[in-house]
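Please open the structure in a viewer and keep the selection tool at hand.

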Amino acid sequence: MKQFVGVDIGGTDIKFGIFTETGNILEKWQVPTDIGSQGENLWSQITTEICVHTDNGRSVSGIGVGVPGPVQKDGFVEVCVNLGIRNFNPREILGRVFPDKTIAVGNDANVAALGEMWQGSGQGYENLVVITLGTGVGGGVIMDGKIVYGAKGLSGEIGHMMVNPDETELCTCGGRGCLDQMASATGIVRYTKKLLAQKYAPTVLDEKEALTAKKVFDAARAGDKLAAHSVEHCLSFLGKSLAFVSYVIDPEIFIIGGGVSHAGDYLIKIVQEYYDQYSLLKKEKARIVLATLGNDAGIYGAARMAQKEKKGKNEKV
Ligand code: BGC
């Protein structure tokens, strides 16, 4: 039986999984992302890991990679703002090391959408949007069962919609007030630090300790006023944005994945509340649910993309 590798490049870790054609995961592992030498190190990390775990590629038929930036139809990536790397083509780079393998490349959130539709909460739906909340905010749109790539690979880039006109700091994309700055793990930590500096309310969070989105959610769930305010403020932008997305593509369901989705129902409740508040034209609202595959949606989808790849194309999965 054929096997496929799924790779998901994140801001903190690169995740890998080896899958059967039917979606059974045989092995999964991760390594910390190294973006040194203008991204050169990243590719040697990825090729080395694949070689070590697949007998130099011999045990697999294809490799799929999810990249945190817009991916053009030929696999070229102009920029990954959260990694600070630009102008590379993973299909060419990996093709040089694994010349006889199928290589497929897609945006990380598009790929996560594919994974959720294949083996997760998206099963049985034809029109859905997957949102990934991690170092950045990603979006993957599936319409009539197919990923929507758009003309330049920009489809689903909801992280860079301007949602907060009051923002004074710059986003990694060069804009100001992007959803990425508000609702990503990085954004939640950033806003919480502001509240701590302002001494917004007494809190269990400690300014001197390294703050993470997980710590903020844990404190919020336990009733910490400052943490709860931070989480609600940040997620209100997400709920609102999804209501606007509905006015453009009207999906049946929104699926929230990425590391921040570990916050579970606490997160969903807030996002759904703000979504409902801003989605006024229809009484029956789209449902917002957690990704069943959680943070593994990307590796599942990347492997599925490699399996479905038609040689030389990555737009028709
Ligand atoms: C990037 C997207 C990516 C998302 C999640 C955003 O900053 O622009 O392409 O999907 O982060 O990694």
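Between which helix and which strand does the loop with Asp250 lie? Select Asp250 in this predicted model: the loop that holds Asp250 runs between helix H7 (225–249) and strand E11 (253–257). For context, most residues other than glycine have a negative phi.

Next, select strand E6, residues 85–88, where Asn87 is located. Asn87 is likewise a residue other than glycine with a positive phi, the value being near 50°.

Now display the ligand together with its surroundings. The shell consists of 13 residues, of which Asn82, Asn107, Asp108, Glu157 and His160 come nearest. Sorted by class, this shell contains four nonpolar, six polar and three charged residues.

- Asp108: one of its polar side-chain atoms is 2.5 Å from an oxygen atom of the ligand.
- His160: a polar atom of its side chain lies 2.8 Å from a ligand oxygen atom.
- Asn107: an N or O atom of its side chain is 3.0 Å from an oxygen atom of the ligand.

How much of the ligand's accessible area does the protein cover? On its own the ligand has 310 Å² of accessible area, and the protein covers 93% of it.

Finally, select helix H5 (residues 185–198) and helix H6 (residues 213–221). Two packed helices are described by the angle between their axes and the distance between the axes. For H5 and H6, the angle is about 65° and the axes are 8 Å apart. The crossing of H5 past H6 is left-handed.

To view the contact itself, show Ala185, Ile188, Val189 and Thr192 on H5, which meet Ala213, Val216 and Phe217 on H6. By class, six residues of this contact are nonpolar, one is polar and none is charged.

Methods: Residues numbered from 1 in each chain as written. Predicted model: local features only at pLDDT ≥ 70, side-chain atom pairs only at ≥ 80, totals over all residues. Heavy atoms only, no water. Near = heavy atom within 4 Å. Polar contact = N/O pair within 3.5 Å; in protein donor to acceptor, adjacent residues only side chain to side chain. Areas by Shrake-Rupley, 256 points an atom, 1.4 Å probe, with all protein chains shown as cover. Nonpolar A, V, L, I, M, F, W, Y, C, P; charged D, E, K, R; others polar. Axes fitted to C-alpha atoms, helices over the stretch in contact; angles between N-to-C directions. Helix = DSSP H or I, 4+ residues; strand = E, 2+ residues; numbered from the N terminus. Left-handed = near helix turned anticlockwise from the far one by under 90°. Contact = heavy atoms within 4.5 Å.
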